[in-house]
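Dear colleague,

Please find below the structure I am handing over to you, followed by a description of what was found in it. I would be grateful if you could read the description with the structure open.

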Amino acid sequence: MIILKSTDSSDIDFVELVKYLDRDLMIRDGEDHSFYAQFNKIATIKHVIVAYINDQPIGCGAIKAYNSTTMEVKRMFVSPEYRGKGVATTILTALEKWAGALGYTSCILETGLQQPEAIGLYKKSRYEVIPNYGQYAGIENSVCFQKLL
C-alpha cells in the first residue's frame with residue numbers, strides 16, 4: 001500500500017530521491033542537463049509529497065507557485081522498480097488536490113522529450129500540451145503541459 005507524506009524540500013527522503021532523479025536526468029538530457037538543472041533547485045519548495053511502500057521512500061513530487069492562480073509541478077520521480085504501479089499518478093493527484101486546496105486553479109509543468117514515461121503520465125492524467133512557457137520558450141527538447149483543476 002502506498003503511503004503519502006506531505007512535507008517540504010528539507011525532507012531527507014525527498015532530498016535523496018531528487019539525487020536519483022538528477023542522475024537519471026543527467027543521462028537522459030546529456031549536454032542539455034546543466035540548462036535544465038538551473039531551474040530545478042529544491043531549497044525553497046514548500047509543498048512536497050513523498051510516497052512510501054513498507055516505510056521505504058519510492059517516489060516524490062512537488063508544487064511551487066508559478067503565479068497567483070497556477071502551481072508548477074516539479075521534481076516528479078518514482079524509483080524504477082516501482083514504475084508502472086500507479087505511484088506517479090497517486091503522487092500527481094495528491095499534488096493537484098493540494099494545489100486546489102491552496103486556492104490555485106491550474107497546474108503547469110515542463111518535461112523533456114527524452115522522458116516518454118513522464119509525457120505518458122501527464123497525457124493520461126488529462127494534462128494538455130501548451131506552448132512552452134517562461135524559461136522553456138523556444139527550447140526544442142521541452143514539452144509543457146497544463147491542467148485546469
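The largest nonpolar core of this predicted model has 26 residues. A nonpolar core here is a set of buried Ala, Val, Leu, Ile, Met, Phe, Trp, Tyr and Cys residues joined through side-chain atoms within 4.5 Å. Buried means under 20% relative accessible area, exposed over 50%, and partly exposed in between, with a 1.4 Å probe and protein chains only. Val 73, Met 76, Ile 91, Tyr 122 and Tyr 127 have the most contacts inside this core. At least two of its residues come from each of strand S2 (47–53), strand S3 (56–65), strand S4 (70–78), helix H3 (87–101), strand S5 (106–112), helix H4 (116–124) and strand S7 (142–148). H3 provides the largest share, six residues. Helices (H or I, at least four residues) and strands (E, at least two) are DSSP runs, numbered from the N terminus.

Leaving aside residues up to four places away in sequence, Tyr 122 touches Met 76, Leu 92, Leu 109, Thr 111, Tyr 127 and Phe 145. A second core of 13 residues is separate, and includes Leu 17, Leu 21, Leu 25 and Ile 45. In soluble globular proteins, nonpolar side chains tend to be buried together.

On conventions, residues are numbered from 1 along each chain as its sequence is written, and side-chain values use heavy atoms, with hydrogens and water left out. Since this is a predicted model, local features need pLDDT of at least 70 and side-chain atom pairs count only at pLDDT 80 or more, whereas totals for chains, interfaces and linings use all residues.

The chain as a whole

The protein chain has four helices and seven strands, in the order β-α-α-β-β-β-α-β-α-β-β from the N terminus on. Of its 149 residues, 47% count as buried. A contact means heavy atoms within 4.5 Å; among contacts between residues at least 6 apart in sequence, 66% join residues at least 24 apart. The chain exposes about 7900 Å², of which carbon and sulfur atoms supply 54%. Accessible areas come from the Shrake-Rupley method with a 1.4 Å probe, and for residues only the protein chains shown count as cover.

S2 is largely enclosed by the rest of the structure, because seven of its seven residues are buried. Two strands pair if DSSP finds at least two bridges between them. Strand S1 (residues 3–7) pairs with S2 in the antiparallel sense over five bridges, and Thr 7 has Val 48 as its bridge partner in S2. S2 also pairs with S3 in the antiparallel sense, over seven bridges; there, Ile 49 has Gly 61 in S3 as its bridge partner.

S2 and S3 form a hairpin with two residues between them, and Asn 54 in the turn has a positive phi of about 50 degrees. Asp 55 is not a glycine, yet has a positive phi of about 65 degrees. Asp 55 lies in the loop between S2 and S3 and counts as exposed, at 75% relative accessibility.

Helix H3

H3 has 15 residues and reaches 21 Å from its first C-alpha to its last, close to the 21 Å expected at 1.5 Å a residue. The expected span is 1.5 Å times one less than the number of residues in the helix. Val 87, Ile 91, Leu 92, Ala 94, Leu 95, Glu 96 and Ala 99 are buried in H3. Just after H3, Gly 103 takes a positive phi of about 95 degrees.

Individual residues

Arg 75, in strand S4, has a positive phi near 55 degrees although it is a residue other than glycine. At 5% relative accessibility, Arg 75 counts as buried. Gln 114 lies in the loop between S5 and H4 and is partly exposed, at 42% relative accessibility. Gln 114 and Leu 25 are 89 residues apart in sequence and 8.8 Å apart in space, C-alpha to C-alpha.

Cys 107 counts as buried at 1% relative accessibility, and Cys 144 is buried with a relative accessible area of 0%. With a disulfide defined as a pair of cysteine sulfur atoms within 2.5 Å, the count comes to zero disulfides.

With kind regards
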